[in-house]
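Please keep the structure open while reading.

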Amino acid sequence: MVGGRPPFNLLPESAVSTRSSIIAKLSAAFEPSALDVIDESESHRGHAGYRAGGETHFRVTISAASLEGLTRLAQHRAIMDCLAEELSAGLHALAIEVRPVG
């Protein structure tokens, strides 16, 4: 379990939410000791990129040994590269906080 939730979603691919996809991909790529993914879309209603139904603005907080030792820029690039498909499919904003393991 990651952040109190299972890292995988067993729904058909077409039914997988953006949040579930983010959790699955970050879990597989970085094996985090802690991961929290929050959909903040509703707080951006009326702003650029907002879409009815949400799933456009997310906040990710992650702790992973594989990200330690990288610069903050390199950490963010690694996470953004991992989520390139979501970003090209309508994910408008991603706030990232990388915390130390432990």
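1. Is Glu31 buried or exposed? Glu31 has a relative accessible area of 67%, so the residue counts as exposed. Buried means under 20% relative accessible area, exposed over 50%, and partly exposed in between (1.4 Å probe, protein chains only).

2. A word on the source. This is a predicted model, in which local features need pLDDT of at least 70 and side-chain atom pairs count only at pLDDT 80 or more, while totals for chains, interfaces and linings use all residues. Residues are numbered from 1 along each chain as its sequence is written, and side-chain values use heavy atoms, with hydrogens and water left out.

3. The chain has three helices and three strands, in the order α-β-β-α-α-β along the sequence. Helices (H or I, at least four residues) and strands (E, at least two) are DSSP runs, numbered from the N terminus.

4. Of the 102 residues of the chain, 32% are buried. The accessible surface is about 6,000 Å², and carbon and sulfur atoms supply 55% of that. Such areas come from the Shrake-Rupley method with a 1.4 Å probe; for residues, only the protein chains shown count as cover.

5. Among contacts in the chain with a separation of 6 or more, 61% join residues 24 or more positions apart. Contact means heavy atoms within 4.5 Å.

6. Back to Glu31, which sits in the loop between helix 1 and strand 1 (34–39). Its phi is near 45°, a positive value in a residue other than glycine. Most residues other than glycine have a negative phi.

7. How do helix 1 and helix 2 pack, and at what angle? Helix 1 (residues 18–30) and helix 2 (residues 72–82) meet at about 125°, and their axes are 10 Å apart. Axes are lines fitted to C-alpha atoms, for helices over the stretch in contact, and angles run from 0 to 180 degrees between N-to-C directions. The two helices are therefore oblique to each other. Angles under 35 degrees count as roughly parallel, over 145 as roughly antiparallel, 65 to 115 as roughly perpendicular and the rest as oblique.

8. On the helix 1 side, the contact is made by Lys25, Leu26, Ala29 and Phe30; on the helix 2 side, by Ala78, Ile79 and Cys82. Cys82 touches Lys25, Leu26, Ala29 and Phe30, leaving aside residues up to four places away in sequence. Cys82 and Lys25 are 57 residues apart along the chain, yet their C-alpha atoms are separated by 6.9 Å.

9. Arg99 lies in the segment after strand 3 (93–98). With 43% relative accessibility, Arg99 counts as partly exposed. Arg99 touches Thr61, Ile62, Ser63 and Ala64, again not counting residues up to four places away in sequence. Between Arg99 and Leu35, 64 residues apart in sequence, the C-alpha to C-alpha distance is 9.8 Å.
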